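Work through the exercises below with the coordinates open. Each task is followed by a stepwise solution.

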Amino acid sequence: MHIMARQQQESHLQNEAILLATQLFGQSNQSLIQEFARDYQSLVELGYPSARVKQAMLLFRSDPSNEKRIDYLVACECLLQEYPNQEVQEALNTFNQNVQVAKAYLNGFRTLLEFGFPKGDIKAALLMSNNDPHLALQHLL
């Protein structure tokens, strides 16, 4: 029973990966689709969430290795250990999936939050100040 469930899960994962690759590259390049699907599947099997793997695959689809994808996934995991998932997702989306900029934003956000400013005001001040918490503090005062 356990073997059948595992096979079904692998089959579903492979189908999901092939569908994503086909959407990105069309039907024309089957070898590229298979390679992309294999990379996607291997990253999900490593334990990364499929939605985040999909984002990494989209961001670094021209990278022939998984190195940049893995760096992105690891950096996201590090952020998730420090901040709530919703805040990390919002920061990544705001800064076009740039992990370093999102981290600077989250660090500044946390620092300014300790002063008791409203979250919305902090977000606006950080965006206006290019994530500089000192300039953002001046905006908030």
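**Exercise 1. Classify Phe95 and its ring partner.**
Task: decide whether Phe95 is buried or exposed in this predicted model, then classify its ring pair with Tyr105.

Solution. 
- Step 1. Take the accessibility of Phe95. Its relative accessible area is 17%. The cut-off for buried is under 20%, so Phe95 is buried.
- Step 2. Count the aromatic pairs. The whole structure holds four.
- Step 3. Examine the pair of Phe95 and Tyr105. The ring centres lie 5.4 Å apart and the planes meet at 55°. Stacked needs under 30 degrees and edge-to-face over 60, so this pair is tilted.
- Step 4. Phe95 sits in the loop between H5 and H6, and Tyr105 in helix H6. They are ten residues apart.

**Exercise 2. Find the inward side of H3.**
Task: which residues of H3 are buried, and what do they pack against?

Solution. 
- Step 1. List the buried residues of H3. They are Arg52, Val53, Ala56 and Met57.
- Step 2. Check their directions around the axis. The arc covered is only 140°, so the four lie on the same side of H3.
- Step 3. Recall the helix geometry. An α-helix has 3.6 residues a turn, so residues three or four places apart point the same way.
- Step 4. Identify the packing partners. The buried residues of H3 pack against H2, H4 and H5.
- Step 5. Look at Val53 as one case. Beyond its neighbours within four places in sequence, Val53 contacts Tyr40, Leu43, Val44, Tyr48 and Leu73.

**Exercise 3. Describe the core.**
Task: how many residues make up the largest nonpolar core, and which have the most contacts inside it?

Solution. 
- Step 1. Take the count. The largest nonpolar core has 35 residues.
- Step 2. Tyr40 and Val53 have the most.
- Step 3. Find the contributing helices. H1, H2, H3, H4, H5, H6, H7 and H8 each supply at least two residues of this core.
- Step 4. In soluble globular proteins, nonpolar side chains tend to be buried together.

**Exercise 4. Locate the salt bridges.**
Task: how many salt bridges does the whole structure have, and which parts of the chain does each one link?

Solution. 
- Step 1. Count them. The search finds three.
- Step 2. Start with Asp39 and Arg69. Their side chains meet at 3.4 Å, N to O. Asp39 is in helix H2 and Arg69 in helix H4, 30 residues apart. Both residues are buried.
- Step 3. Go on to Arg52 and Glu77. This salt bridge spans 3.6 Å, N to O. It links helix H3 to helix H4 across 25 residues. Arg52 is buried at 10% relative accessible area. Glu77, at 27%, is partly exposed.
- Step 4. Finish with Lys123 and Glu90. The N to O distance is 2.8 Å. Lys123 belongs to helix H7 and Glu90 to helix H5, 33 residues apart. Both ends are partly exposed: Lys123 at 27%, Glu90 at 30%.
- Step 5. Return to Arg52 and its surroundings. Residues up to four places away in sequence are left out. Arg52 then touches Tyr72, Leu73, Cys76, Glu77, Leu80, Asn85 and Gln89.

Conventions. Residues are numbered from 1 along each chain as its sequence is written. This is a predicted model: local features need pLDDT of at least 70, side-chain atom pairs count only at pLDDT 80 or more; totals for chains, interfaces and linings use all residues. Side-chain values use heavy atoms; hydrogens and water are left out. Contact means heavy atoms within 4.5 Å. A nonpolar core is a set of buried Ala, Val, Leu, Ile, Met, Phe, Trp, Tyr and Cys residues joined through side-chain atoms within 4.5 Å. Buried means under 20% relative accessible area, exposed over 50%, partly exposed in between (1.4 Å probe, protein chains only). The arc is that of the directions from the helix axis to the C-beta atoms. A salt bridge is a side-chain nitrogen of Lys or Arg within 4 Å of a carboxyl oxygen of Asp or Glu. Rings of Phe, Tyr and Trp (its six-membered ring) pair if their centres lie within 6.5 Å; planes under 30 degrees apart count as stacked, over 60 as edge-to-face and the rest as tilted.
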